[in-house]
Amino acid sequence: MSISIHPSGGRSGAVRPVGEEIRVRGLVQGVGFRPTVWRLAHDCGLRGDVRNDSDGVLIHACGDVWTVEQFLARLRAECPPLARIDAIERHEWVSVAEVDDFRIVPSVDGPVQTGVVADAVTCPACLAEIDDPANRRYRYPFTNCTHCGPRLSIIEAIPYDRANTTMAAFAMCETCRGEYENPAERRFHAQPVACEVCGPRAWLEAPDGSALESSSDACAAASLALQFGSIVAIKGLGGFQLACDACNEPAVARLRRLKRRERKPFALLARDLEVIRRYCTVNDVERGLLQSAAGPIVIMDVASAHIAPSVAPGVGTLGFMLPSTPLHHLLIASFDRPLVLTSGNTSDEPQCIDNADARARLGRIADVFLMHNRMIARRVDDSVTRVVLGAPRVLRRSRGYAPAPLALPPGFEETPAILAMGGELKNTFCLSRDGQAIVSHHMGDLEDALTYADYRRSVAQYLTLFEHEPRAVALDLHPEYLSRKIGFDLAQARDWPLEEVQHHHAHIASCMAENGVSLDAQPVLGVALDGLGYGADGTLWGGEFMLAGYRDFIRLGMFKPVAMPGGARAIYEPWRNTYAHLVTAFGWDGFAKRYAELELQRFFAARPRDMLDTMIAQGVNSPLASSAGRLFDAVAAAAGLCRERVLYEGQAAVELEAIVDERTLRDEDDALAYSFGLAHAGEAGLRCIDPQPMWEALLDDLLRSTPAPMIAARFHKGMAIAIVQMIELLVDELIDHGSEGSNAPYTRLNVRAAAPAVVLSGGVFQNRILFEQVAGRLAEAGLRVLSNRQVPANDGGLSLGQAVVAAARRRAP
Ligand SMILES: [Zn+2]
Ligand SMILES: [Zn+2]
């Protein structure tokens with residue numbers, strides 16, 4: 001926080017009015033900031049006014065200097081829960097004579113800065129009201145105030161006031177209006193303010209749309225249905241959800257079958273921490289996340305196994321959240337077990353947000369619908385987080401986080417406005433300008449037609465909501481990405497220039513940006529490990545070591561490229577990767593001779609080997625990929641996990657991580673780890689991690705019938721050591737190049753003779769064991785490690801990276 005002070009007079013005996021103009025910057029609009037200022041000014045006996053404008057909040061305060069000091073101290077201490085003060089600037093205010101009171105002045109028009117904020121979980125004061133039989137909002141499911149409730153999920157246009165939200169359909173009653181207009185009330189200018197008399201209402205209905213016996217308390221009735229094993233479709237804050245009793249295996253299994261979600265873990269809702277602690281050990285950081293205003297899903301290790309086995313098979317973790325709205329509180333208040341709470345959709349479609357659509361799409365899944373009549377303006381999924389190495393990390397950034405702006409590092413203040421389109425899977429897009437980046441809520445996988453339509457709509461909405469006029473559009477290089485196609489069309493139609501950003505460069509840049517690496521800092525050593533991304537040379541990349549600045553990067557190393565026989569089919573059928581890896585490492589004959597007794601050999605013998613060999617040899621539908629993700633798939637399949645196919649993206653790697661034998665992993669002796677080769681490859685002579693020695697040791701382990709958990713541990717550890725060795729080697733080379741001063745191409749990126757920061761990004765680093773092993777060993781070696789926390793390390797973070805790369809390139813010289 002920067003504070004510049006212009007003292008305005010001393011404490012003289014005479015009452016000479018002095019005044020200050022106080023500028024407050026940060027997240028200060030739409031979060032109850034002005035009423036707080038008003039209340040504190042009254043408490044302190046200040047005169048003057050407060051208003052919103054394009055730079056934040058502007059306060060005129062008239063009173064002696066000590067009173068103003070006291071007022072500002074209290075403003076910092078009693079800052080509203082959803083607000084964030086970034087800076088306070090104070091100047092003398094001259095026209096003090098006319099004021100005899102403290103007033104809230106209506107907003108001044110100007111560009112919107114922070115008008116659209118994230119949805120926030122129910123605050124303690126509102127919770128107390130819905131629990132209090134004497135309160136007029138007792139058990140009212142849409143209770144909210146300035147400190148909590150829906151925001152992004154209900155806003156349709158700017159400025160953010162009631163008429164521009166989906167609350168416009170509900171005329172406030174006398175009492176609510178009184179609260180809304182009274183600055184002393186917690187609901188002053190709370191746009192979604194409502195009560196039983198005037199606000200939205202909830203009801204229960206059958207799958208055919210007929211109203212069920214109108215119980216006065218729909219939440220209690222839905223709760224009862226859940227107790228009896230029903231699947232209930234719930235209209236939540238940002239979309240429909242499907243719920244069932246998480247301890248009722250037949251109910252959970254039925255939900256899986258009907259929803260066509262065979263194995264991907266379900267999220268859980270629990271009444272309170274006490275319930276969660278029966279299943280997971282919750283540390284302080286996890287507790288903080290669960291209870292935060294964002295209220296995300298937190299993925300934690302399973303401590304006891306009393307949950308239905310179908311909830312989260314094969315992963316060793318559970319994802320819990322606490323109730324985020326009064327409706328959820330009321331639903332689960334009398335439930336002492338967790339509920340499965342998953343998105344209301346079939347397989348990979350976006351969740352429903354509209355009542356009629358929900359009846360049509362969820363009618364064959366849900367036994368009962370808990371409906372309400374407040375429209376959802378946009379689909380906002382639950383956010384997902386995990387604590388790794390003591391830090392909260394966002395894996396899916398949506399409800400509660402989006403669209404809060406992220407502050408960009410020094411150097412980006414003057415960069416032009418950018419629209420970055422993001423990737424293909426787990427898509428988000430990003431608007432950046434004036435040193436800030438707004439990353440959209442989670443869109444999902446654009447391959448799905450409904451998601452794709454939603455994405456197009458959302459891009460247009462964000463441009464309007466944030467009055468964003470891009471000076472360039474940033475795109476991924478992949479010719480097949482739909483985000484690229486839309487970005488391209490948009491740019492053509494509006495005559496905006498394009499900036500193409502390589503996938504893994506964007507991963508590294510996203511991590512640099514959120515860690516405050518300034519625009520002109522020395523380049524970092526980036527390690528981007530993921531499934532696949534389109535490389536600058538037109539091949540598929542996914543295990544990349546690069547020297548990276550914001551504008552540019554140089555590829556220094558990679559995992560040895562291996563064919564993906566069948567192309568996209570190799571993503572869903574892990575055994576194809578195992579086959580390609582083994583043929584690359586030993587040749588079929590070499591493998592067949594040496595490992596004749598292996599069950600794996602019989603498995604491959606029953607496959608169309610001739611066809612695969614031809615595809616690989618001729619490069620037909622068999623692209624080479626330096627992918628770390630595919631290596632994980634290959635090893636998992638060799639060890640007998642998900643060999644035939646995966647049922648969700650990343651399943652093989654997730655289940656391989658889950659079985660890792662802790663004792664083998666923690667053993668001080670690194671000799672147990674599989675070793676990898678380090679070689680040069682390709683025309684450019686890139687450094688290359690060669691898994692051949694690892695395969696030899698792994699297959700020997702299979703011959704000896706070594707248990708899979710031990711194999712998984714030796715692989716994870718070996719992979720981490722290989723990555724760290726590669727990094728240390730590259731760091732040494734970079735320091736040498738830096739000291740020589742003139743060695744092209746490094747000079748292009750201004751390398752200096754100092755160890756660069758090491759940036760770890762890409763979806764593979766969401767493997768906690770691999771990340772902890774790599775980061776821990778790098779820290780021991782004295783290297784500075786940066787990793788993603790605020791945006792996902794997976795493709796959900798790409799758009800931020802694209803935005804900063806494009807902004808850096810287009811900054812006026
Ligand atoms: Zn509240
Ligand atoms: Zn009312």
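Analyst: Donors are N, O and S atoms within 2.8 Å of the metal (3.2 Å for Na, K and Ca), and because water is not among the atoms, sites may look incomplete. This is a predicted model, in which local features need pLDDT of at least 70, side-chain atom pairs count only at pLDDT 80 or more, and totals for chains, interfaces and linings use all residues. Residues are numbered from 1 along each chain as its sequence is written, chains are lettered from A and ligands numbered from 1 in the order in which they are written, and side-chain values use heavy atoms, with hydrogens and water left out.

User: Which residues coordinate the zinc ion (ligand 1)?

Analyst: The donors of this zinc ion (ligand 1) are spaced as C-x2-C-x18-C-x2-C along the chain. Each donor atom is an SG, at 2.3 Å. The coordinating residues are Cys-123, Cys-126, Cys-145 and Cys-148.

User: What is the geometry of the site of the zinc ion (ligand 1)?

Analyst: Four donors count as tetrahedral if all angles lie between 85 and 135 degrees; four count as square planar and six as octahedral if opposite donors are over 155 degrees apart and all others between 65 and 115; anything else is irregular. The four donor atoms of the zinc ion (ligand 1) make angles of 103 to 119°. The site is therefore classed, by those limits, as tetrahedral.

User: Are Cys-123 and Cys-126 buried or exposed?

Analyst: Buried means under 20% relative accessible area, exposed over 50%, and partly exposed in between (1.4 Å probe, protein chains only). By this scale, both Cys-123 and Cys-126 are buried.

User: Why is the arrangement around the zinc ion (ligand 2) tetrahedral?

Analyst: The zinc ion (ligand 2) is held by the SG atoms of Cys-173, Cys-176, Cys-195 and Cys-198, at 2.2 to 2.4 Å. The arrangement is tetrahedral because the four donor atoms subtend angles of 104 to 115°.

User: How many residues apart in sequence are the parts that Cys-173 and Cys-198 tie together?

Analyst: The donors of the zinc ion (ligand 2) follow the spacing C-x2-C-x18-C-x2-C. Cys-173 lies in the loop between α3 (124-130) and α4 (174-181) and Cys-198 in the loop between α4 and β7 (202-205), so the pair ties together parts that are 25 residues apart in sequence. Helices (H or I, at least four residues) and strands (E, at least two) are DSSP runs, numbered from the N terminus. Cys-173 and Cys-198 are both buried, and the separation asked for is 25 residues.

User: Which residue of β14 stands opposite Leu-204?

Analyst: Two strands pair if DSSP finds at least two bridges between them. β7 and β14 are antiparallel, with four bridges, whereas β8 (residues 232-235) runs parallel to β14, with three. Ile-234 has Leu-370 as its bridge partner in β14. The residue opposite Leu-204 is likewise Leu-370.

User: How many of the residues of β14 are buried?

Analyst: Strand β14 spans residues 368-372 and is mostly covered. Val-368, Leu-370 and His-372 point one way, Phe-369 and Met-371 the other way, and all are buried.

User: Which strands are the edge strands of the open sheet of six strands?

Analyst: This sheet has mixed pairing and the order β17-β20-β19-β18-β21-β22. An edge strand here pairs on one side only. The two are β17 (406-407) and β22 (498-501).

User: Which residue of β22 is the bridge partner of Ala-474?

Analyst: Strand β21 (residues 472-476) is joined in parallel to β18 (residues 418-420) by three bridges, with Ala-420 partnered by Ala-474. β21 also pairs with β22 in the parallel sense, over four bridges. Five of the five residues of β21 are buried, so the strand is largely enclosed by the rest of the structure. In β22, the partner of Ala-474 is Glu-499.

User: Which residue takes a positive phi in the hairpin of β15 and β16?

Analyst: β15 (residues 384-388) and β16 (residues 391-396) run antiparallel, joined by five bridges. Thr-385 has Val-394 as its bridge partner in β16. The hairpin has two residues between the strands, and the residue with a positive phi, near 50°, is Leu-389.
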